[in-house]
Amino acid sequence: MLKTTKQALPAILVIMSMVMALVPTGFALASDADFTLTSVMQAAEPVTYYVTDGAQISSLDPARATDEVSITAIENLFLGLTDSDPTTPGNINPELATSWETSEDGLTWTFHLRDDVPWVRWDPVSDEGEVVRNVTAQDFVYGMQRACDPRIADLYGAVAASVIAGCGDMHSKDISEVTDADYDLVQVEALDDTTLAVHLLFPAGFFFSMTTMWMLRPVPQEIIQEFGDDWTELGNLTTNGPFVMDEWVRGVRRVYVSNPYIPEDLRGPGNVERVIVTIVEDAGTTLALYQDNQVDRSGVPAAEVQSILSDPDYQDQLSQVSDLVVYYFAFGYDKEPFGDVHARRAFSASVDRNAFIQEIVQGRGVPMIHLTPPGMVGAPPINEVGVGYDPEYAKAEIEAAGYPSCEGFPNIEIVTYQGAGTWAEFLAASVERELGCDPSVFTIEEQEFSVLLESTDPDTPTEDRPNMWTLGWGPDYPDANNWVFDAGLLACEAENSVKRPCTEIDDLISQAAQESDQAVRAELYYRIEEMAFGPEGEFPILPLYMRTVYQLTKPWVTGPLDTDGVIGGAHYDWRTIDQAAQLEARSAS
């Protein structure tokens with residue numbers, strides 16, 4: 001297999017010279033012949049999807065992954081019970097599970113699995129794979145047990161612990177006290193090689209939506225025990241997905257090639273045989289590579305939005321899509337004045353979200369006045385629930401908080417992640433305009449993301465926590481429970497970074513989670529959002545906007561690119577490349 005590295009072009013030239021050496025002296029190629037440099041390159045190169053990424057993979061271990069980059073890699077390397085539909089986010093397709101049923105009490109889910117999917121250990125030196133054995137139900141058991149192990153899983157271990165029986169018993173232990181014997185606490189069992197039973201803490205109406213998640217995927221126990229933490233290194237990495245990892249040069253590139261051993265009906269409908277992801281941290285550089293036909297897809301940097309929008313050459317290649325990430329300002333209940341609901345309401349109603357989107361994020365967003373975005377099971381219709389921009393309401397609420405015209409308002413520290421300082425400036429200008437607040441009361445600090453998470457952790461001492469901060473939440477699985485509970489913003493028993501006390505909202509969140517009737521669940525989530533963001537709402541956060549992004553895609557790439565990867569990672573095997581057009585453009589650049 002020809003590998004696209006720095007040696008790829010010389011290899012193509014060698015092939016070209018060898019072929020030309022076979023042409024007799026004086027022989028003229030017909031003008032309409034298919035014998036061109038492009039056709040030679042096409043014959044020599046697998047169908048390749050060229051993209052860039054600005055970030056590194058943090059882990060290829062399904063139990064450890066928490067970031068989008070790692071989750072996308074895992075999506076293409078590991079198959080799970082089910083899969084999020086690339087064409088319709090929120091729909092779920094069978095994957096290794098062919099059928100399933102629940103017990104009458106809703107506490108046990110039983111999955112019936114395929115028996116023909118191999119574990120493959122790929123050798124990137126020889127470009128060959130070793131079939132270790134086929135995936136069994138025990139691989140799922142071990143994968144889910146590891147997701148509950150606090151020595152391995154952190155953030156998403158808590159998600160699993162919230163619903164799988166016994167998982168919390170293990171995950172809540174002090175790391176120093178956990179042993180492998182604790183795996184038996186997790187109530188997941190292999191009834192036989194192709195039958196998996198998962199026992200739940202309660203009849204969770206959202207559990208099936210969770211079965212698409214990466215941390216619940218199977219892993220090969222004997223490989224992990226043999227190599228330990230190095231089991232995800234190339235040469236050791238053993239996977240079962242549509243692609244295998246052929247190259248991983250950290251900070252430079254990663255290369256996936258099609259898994260030759262996977263059953264054909266588990267491949268997506270695309271024709272991509274190889275994916276080359278080049279690490280490019282600067283978005284402007286990626287756009288330049290796109291314009292030079294060296295990559296097949298690119299985002300549009302903020303500074304280039306207007307020029308791209310006005311350029312007729314790009315109109316057929318440009319799309320605006322949402323990844324369903326909702327951004328917000330969070331209020332610290334433990335920091336005055338935001339222990340008072342009236343102050344929280346006043347600030348939220350002071351913000352003109354439409355103006356924010358146009359002025360601050362160059363039109364790349366949709367205003368949000370509640371939390372759960374469209375496409376999630378149980379999400380209320382967008383903008384039907386919530387107060388939004390209402391200056392008169394805001395003035396009345398700031399007076400009810402004891403600060404008429406913002407008189408006597410205390411100093412406020414707002415922390416944003418890096419690059420979002422203008423968001424806080426917009427907020428400060430909004431409350432100055434609508435409430436009369438003196439801008440000098442605001443202190444704005446941009447923090448690196450991990451520092452921001454630490455400073456807003458609920459266990460951080462109150463004196464070290466900011467009054468407000470920016471964050472965003474994107475879907476892990478397509479259900480409102482992932483927003484109102486897992487996000488830790490509306491549920492007092494979740495991570496609860498805002499330190500919100502428990503109220504009737506929490507009773508409804510628990511009721512909705514255990515309800516099996518989806519129509520009833522939708523009614524409950526509507527009430528939850530109204531109680532959080534309606535005129536009498538608690539407003540633990542100031543919902544701001546749902547992100548949209550501009551994407552450029554070359555005309556030779558087709559597939560559900562604007563919907564795929566919205567939930568979970570993108571599926572490279574759903575891309576189709578017109579390779580002749582691609583290579584002709586690349587060779588002409």
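This is a predicted model: local features need pLDDT of at least 70, side-chain atom pairs count only at pLDDT 80 or more; totals for chains, interfaces and linings use all residues.
Is Cys437 buried or exposed? Keep that in mind for a minute, everyone, and thanks for coming.

Let's settle the opening question. Cys437 has a relative accessible area of 1%, so Cys437 is buried. Its partner is Cys406, and the two sulfur atoms of that disulfide are 1.8 Å apart. Cys406 has 7% relative accessibility, and because buried means under 20%, Cys406 counts as buried too.

Where do these two cysteines sit? Cys406 is in the loop between helix 13 (391-400) and strand 17 (412-417), while Cys437 is in the loop between helix 14 (421-435) and strand 18 (442-447), so their bond ties together parts that are 31 residues apart in sequence. If you look along the S-S bond of Cys406 and Cys437, the torsion is about 70°, which means that this disulfide is right-handed.

How many disulfides does the structure hold? There are 3. Counting the bonded cysteines along the chain, the pattern is 1-2, 3-4, 5-6.

Now please find Cys148 and Cys167. They are joined by a disulfide with an S to S distance of 2.1 Å. Cys148 is in the loop between helix 4 and helix 5 (155-161), and Cys167 is in helix 6 (residues 167-171), so to speak of distant parts of the chain here is to speak of a pair 19 residues apart. The link of Cys148 and Cys167 is left-handed, with -110° about the S-S bond. Both Cys148 and Cys167 are buried.

The remaining pair to look at is Cys492 and Cys502, whose sulfur atoms are 1.8 Å apart. With 90° about the S-S bond, this link between Cys492 and Cys502 is right-handed. Both cysteines lie in the loop between helix 16 (481-484) and helix 17 (504-514), so the bond ties together parts that are 10 residues apart in sequence. Cys492, at 12% relative accessibility, counts as buried, whereas Cys502, at 53%, counts as exposed.

Let's move to helix 4.

Last stop: empty space. Rolling a probe the size of a water molecule over the atoms shows where such space is left. In this model the count comes to 5 cavities of 30 Å³ or more. The largest cavity has a volume of about 80 Å³.

Which residues lie nearest the centre of the largest cavity? They are Glu75, Thr212, Arg217, Gly568 and Gly569, out of 13 lining residues. By class, that lining has 5 nonpolar, 4 polar and 4 charged residues. Helix 3 (68-77) and strand 2 (82-84) each supply at least two residues of the lining. The largest share comes from helix 3, with 3 residues.

Key. Residues are numbered from 1 along each chain as its sequence is written. Side-chain values use heavy atoms; hydrogens and water are left out. On a 1 Å grid over the protein atoms alone, a cavity is a set of points where a 1.4 Å probe fits but cannot get out, and a pocket is an open set with protein on both sides within 12 Å along at least five of seven lines; lining residues have an atom within 4 Å of a point. Grid points are joined across faces, edges and corners, and a volume is the space filled by probe spheres set on the points. Helices (H or I, at least four residues) and strands (E, at least two) are DSSP runs, numbered from the N terminus. Ala, Val, Leu, Ile, Met, Phe, Trp, Tyr, Cys and Pro count as nonpolar, Asp, Glu, Lys and Arg as charged, and the others, Gly among them, as polar. A disulfide is a pair of cysteine sulfur atoms within 2.5 Å. Buried means under 20% relative accessible area, exposed over 50%, partly exposed in between (1.4 Å probe, protein chains only).
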